[in-house]
Structures are given as structure tokens and as C-alpha cells.
Amino acid sequence: MLLILMVASAVALALLHVPRRLWSLVGAALMLGAAGYAWQGAPTLPGHPVQADREALVSDAAIIDLRTDMFGRYGAEGAYLTAADAMARVGSSRYEVETILGALRGAPKSVQLWTALGDALVRHDGGRVSPAARLAFDQANRLDPRHPGPYFFLGIALVRSGDLAGAERCWTRALERTHPQANYRPAVAERLAMVRQLIAATGGR
């Protein structure tokens with residue numbers, strides 16, 4: 001948790017150009033988020049029997065393909081993300097995060113990189129959507145409120161954390177922002193339908 005708070009602080013202060021007079025406010029907000037998780041989080045609870053179905057929603061290979069369809073694969077951003085994906089495959093989430101942070105120093109307004117950072121931070125924090133991950137997804141949404149990618153990948157993160165209702169809300173917004181002719185629209189719609197079925201099957205858990 002401490003590492004996540006440090007990353008979030010660095011992101012907010014260095015990359016978002018937060019004025020010095022607001023530093024204490026940002027720090028307080030992050031600490032409040034951490035305290036909220038410590039109070040409400042329950043990482044030791046046993047898994048639900050629908051875990052296999054949830055995993056089908058967040059298959060890494062399929063998700064990387066969807067990210068490419070949504071954002072494209074070319075240029076410096078794509079090269080950095082290829083390296084970050086390699087780090088993720090070998091289980092090195094710390095270096096995955098550091099690779100994406102390095103890319104953001106050169107492209108601080110990249111919706112793709114901010115979205116990827118949020119996704120990577122969720123993996124680094126063991127599947128929990130930490131304050132730092134939320135900050136990254138929120139920044140991606142601020143940069144392009146009409147892009148479906150940030151909402152889609154936040155939905156992926158929420159499925160991993162067990163928040164199916166939150167994922168359903170995010171994927172509804174992602175589908176609303178997806179062009180009717182986009183080649184990835186069926187994949188977004190399919191996941192939205194599947195998560196709704198899981199919610200119905202588990203009584204909203």
C-alpha cells in the first residue's frame with residue numbers, strides 16, 4: 001500500500017502539475033482512500049464459485065488485443081506497452097509500472113498510457129483498485145471523456161477486485177462511447193452481457 005501511495009503522489013504532483021499549495025490536499029485525499037480500503041477491504045475472504053467465469057472476462061491475451069484495437073499499436077507508446085506487457089507476463093508488476101511511468105514522462109497527455117498505468121497498478125496491488133489506480137483512470141477520462149478505453153479497463157479492474165456492479169456501470173459507459181462500427185464493439189457488448197448474467201446469478205455479489 002505504501003508503494004501505491006508513493007506512486008500516486010508522484011503521478012499527481014509531477015505529471016499532473018498539481019500546484020504546490022494543493023500538495024497537502026492531494027496527500028490527504030490519498031491517505032483517506034487508503035484508510036477507507038483498510039477499513040472496508042477484505043482480501044482474506046474466500047472466493048466466490050463464479051471465479052472461473054470472472055476470469056473468462058479478463059483473459060490477458062484477449063484484453064491486450066482489445067487494447068490494441070481501442071488505442072492502436074504503433075509509435076513510442078506501443079513500444080513501451082510491449083515492454084510493459086513482457087514485465088507483466090513474468091510477474092514483475094513493479095517494473096511494469098515503472099516502464100509505463102517512464103513512457104508518461106515523454107507523453108503526459110496519452111489516454112492510452114494513463115489507462116495502462118491504472119491497469120498495471122491494479123495488478124501490482126494484487127487485484128485491488130487502489131487510490132493510485134483510480135487516479136490514473138480518472139486522468140485518462142479527463143484527457144478524453146468520450147474514449148471508451150478508460151471505462152472499459154476500469155471495468156476489467158473492478159471484475160478482478162470482485163466488484164461486478166461497478167464493472168457493469170463502467171462497461172455500460174464504455175459501450176455508450178464505442179462507435180457503432182468499431183471492430184471491438186461486439187467484445188465490449190459481450191462482456192457487459194456476461195457481467196450482467198453473473199450479477200443475476202450471484203444476487204449482485
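Which residue's side chain meets that of E176 in a salt bridge? It's R177, with 3.9 Å from N to O. E176 counts as exposed, at 56% relative accessibility, where exposed means over 50% relative accessible area, buried under 20%, and partly exposed in between (1.4 Å probe, protein chains only).

Some ground rules before going on. This is a predicted model, in which local features need pLDDT of at least 70 and side-chain atom pairs count only at pLDDT 80 or more, while totals for chains, interfaces and linings use all residues. Residues are numbered from 1 along each chain as its sequence is written, and side-chain values use heavy atoms, leaving out hydrogens and water.

How confident is the predictor? pLDDT is its confidence in each residue, from 0 to 100; the protein's mean is 78, and 69% of its residues reach 70 or more. Helices here are DSSP runs (H or I, at least four residues), numbered from the N terminus. Another stretch to treat with care is residues 32–50, where pLDDT stays under 50; the model has 13 contacts for it beyond four places in sequence, a contact being heavy atoms within 4.5 Å.

Now for the inside. The largest nonpolar core has 46 residues, and M70, I100, L117, F152, F153, W171 and V188 have the most contacts inside it. Such a core is a set of buried Ala, Val, Leu, Ile, Met, Phe, Trp, Tyr and Cys residues joined through side-chain atoms within 4.5 Å. The elements giving two or more residues to this core include helix 4 (60–71), helix 7 (111–124) and helix 9 (148–161). Take F153: leaving aside residues up to four places away in sequence, F153 touches I63, R67, M70, F71, T115, D119 and F137.

R67 also turns up in a salt bridge with D85, the closest N and O atoms being 2.6 Å apart. R67 lies in helix 4 and D85 in helix 5, so the pair ties together parts 18 residues apart in sequence. Both R67 and D85 are buried.

In all, there are eight salt bridges. E96 and R123 form one of them, at 2.5 Å from N to O, linking helix 6 to helix 7 across 27 residues. E96 is buried, at 1% relative accessible area, whereas R123 is partly exposed, at 28%. E96 and R123 also belong to a salt-bridge network with D119 and R160.

Technical notes: pLDDT = per-residue confidence, 0-100. Salt bridge = Lys/Arg side-chain N within 4 Å of Asp/Glu carboxyl O.
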